Amino acid sequence: MSNRRRRTLTYYRVSTTRQAQTGTAEEEYGDSIASQKTDCHRYADQHDLDIIDEYPEPGGSGTSIDRRPQFQKLLERVYHQQDVDVVLVYSRSRAFRNAYEAMVTRENFRKLGVELISTQEPSDASLEGDLVSLILDGVKEYQSRKLGADVSFKMAAKAARGGTPGRAKLGYLNVRKKIDGRNVATVELDADRSPFIITAFELFATAQYSQRELRDALTEAGLRNRPTKTHPAGSPVSVSQLEKILRDRYYLGYVLWRGEEHQGRHPRLIEPHLFDRVQAVLAERHRGTRQRVWDHYLKGGLWCHRCAGRIILEPARSHTGRVHFYIRCAGRERRTCDLPRFTLAEVEAAVEAHYATLTITPEERSEVEQHLTEAITARQSTTKALRQRLRNELTRLNHLEDELLNLVGQPGWPAEKLTTRMHEVSLERDKVKSSLDEATEIDLKTARRRITTILELLVQPRKLFKELPDDLRRTLGALCFDKLYVEVDTAGAPVITRSTTAAHIEPLHKHLNESRSCTFRQEQYDGPRPPLKGDQGSSKSSLVGQAGLEPATQGL
């Protein structure tokens, strides 16, 4: 009989990655796996087993061996290399939670002369041992399924009551608080990370950031995931994780569980109007309107006078490696348009010159000033009435909260229901306070000074355009024009032949001119004008709408 120590593989497993992150720095896969390893090594020393390799599974599902990569590697070695005599586990439940899989694996091992040994359970290779193993595996499977069903039921019930099953989303923290003498698991805002989440929604809603740009900006500002053993300082948020955050209604105060949405008890982080704007931007990007590598404030607003096609921004690189840009009609690629290609600087100069063609008469300036003054006066009156209603509602909610607090400790009162109601009152009160803070009264003297400043800027639109940074030039252009048409003049330089008014300007234009017909002067292009398909002639632009007086009024 050979005295050779039997070659042994060991397998250790915990069910979740969180379990694998417990323990000290010396315990690479957590204290549970470290304990299993210690017991297996003790058993090996006592029974002359030579451990030649180990397979730790830090977070593998217990329901099926197919979803455990380390166990699959172990089986691959046993079946193909055949250099193993024993597979050693701490408990059979670490290897199997399915009686059929356990029986098949045990039989395959037996054909290869490999013994499966558990340090905690009998491993006799006799018929009686097979019977005991079959019973144990069946009991383990039953316990696993029963536990899973019980956990699933409790998680669903918790979600239905507004609780958060599992770990809270980024921006929140799982905490334990003492309520009515009981330790209750709940969720509260993460003071370090929740401001970053709000900022992410606010910036993405502007449609000025791609998801990658936003992720990079947030990472540079300091946003990280919660610390783990592998990443003590917290890992950076990935682009895919950021998209999930931007789509997650949990930040609106809802809990989703198994396809059903419930009103959550956790504090709402994002207001519905902001969440809706973010979803609109995501939907637009999904339809194909997305930011590209090269960007410019004129991008998307220029069109060809000759073929009505889109003008695109084309990057080029010099022999020294320096990047510069051209503007050309998209029809040149299809050979359907012969509009020359221009440098970006030439077209920028043409657009700047076009702003000088816009004027506003003294009569129109006076009328705009009158309309704005009347609007501000009306808003002042409305704001006062609104603030009074909000103050009354705040007083009512404070009294209601006092009444609920008086019920605390009363016999027979359901504590959980009381806690939920108080949380609802607190959320409603915060919302009213927020509305009250936003409903600020206007200083009429300051408002009139701002109106005068705005109107002075409108008189010199070219000067205003030159003084603005690129991002505000984009905003001004979007407010002023829907499309700017590019043509070449007699000297071969680009020129803006005409423009169409942005659609959202029309209601303001109509409102300001409903009492009389208002004509704006605009210089006409004297160069050649080839016929345009669908050309309806020059479209006059209202400078009142172009300068964005409606948004400016909101900030007075």
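Strands β10 and β11 (residues 323–329) pair in the antiparallel sense over 7 bridges; two strands pair if DSSP finds at least two bridges between them. Helices (H or I, at least four residues) and strands (E, at least two) are DSSP runs, numbered from the N terminus. The model is predicted: local features need pLDDT of at least 70, side-chain atom pairs count only at pLDDT 80 or more, and totals for chains, interfaces and linings use all residues. Residues are numbered from 1 along each chain as its sequence is written, and side-chain values use heavy atoms, with hydrogens and water left out.

His 305 counts as buried because its relative accessibility is 0%; buried means under 20% relative accessible area, exposed over 50%, and partly exposed in between (1.4 Å probe, protein chains only). The side chain of His 305 makes a polar contact of 2.7 Å with that of Thr 497. A polar contact is a pair of N or O atoms within 3.5 Å; within protein, one must be able to donate a hydrogen and the other to accept it, and residues adjacent in sequence count only if both atoms are side-chain atoms.

Another histidine, His 354, is found in helix α10 (residues 344–355). With 4% relative accessibility, His 354 also counts as buried. Its C-alpha atom is separated by 9.4 Å from that of Leu 484, 130 residues away along the chain.

A second sheet, also open, has 4 strands in the order β2-β1-β3-β4, with parallel pairing. Here β2 (49–58) and β4 (115–118) are the edge strands, each pairing on one side only. On average, neighbouring strands of this sheet are turned by 25° against each other, direction ignored. Strand β1 (residues 6–14) runs parallel to β2 and is joined to it by 9 bridges, and Thr 10 stands opposite Glu 54 in β2. Helix α2 lies across β1, β2 and β3 (86–89), running at about 150° to β2. Such axes are lines fitted to C-alpha atoms, for helices over the stretch in contact, and angles run from 0 to 180 degrees between N-to-C directions; contact means heavy atoms within 4.5 Å.

The aromatic residues come next. The structure holds 9 aromatic pairs. Rings of Phe, Tyr and Trp (its six-membered ring) pair if their centres lie within 6.5 Å; planes under 30 degrees apart count as stacked, over 60 as edge-to-face and the rest as tilted. One of the pairs is Tyr 79 with Phe 109, which is edge-to-face at 6.2 Å centre to centre and 65° between the planes. This pair links distant parts of the chain, with Tyr 79 in helix α2 (residues 69–81) and Phe 109 in helix α4 (residues 99–111), 30 residues apart. Tyr 79 counts as partly exposed at 27% relative accessibility, whereas Phe 109 is buried at 1%.

Tyr 172 and Tyr 251 form a tilted pair, 6.0 Å centre to centre with 35° between the planes. Tyr 172 lies in strand β5 (residues 172–179) and Tyr 251 in the loop between α8 (239–247) and β7 (254–257), so this pair ties together parts that are 79 residues apart in sequence. Both tyrosines, Tyr 172 and Tyr 251, are buried. Together with Phe 201, Tyr 250 and Phe 275, they form one aromatic cluster.

Some rings have a charged residue over the face. Arg 473 lies over Phe 465, at 4.6 Å from the ring centre, and Lys 483 over Trp 303, at 4.2 Å. A charge sits over a ring if NZ of Lys or CZ of Arg is within 6 Å of the ring centre and within 35 degrees of the ring normal.

Arg 387 lies in helix α11 (residues 362–406) and counts as buried at 18% relative accessibility. Leaving out residues up to four places away in sequence, Arg 387 touches Leu 436, Ala 439, Thr 440 and Glu 441.

For the protein chain overall, the secondary structure comes to 18 helices and 14 strands. Buried residues make up 38% of its 556 residues. Of its contacts with a separation of 6 or more, 66% are between residues 24 or more positions apart.
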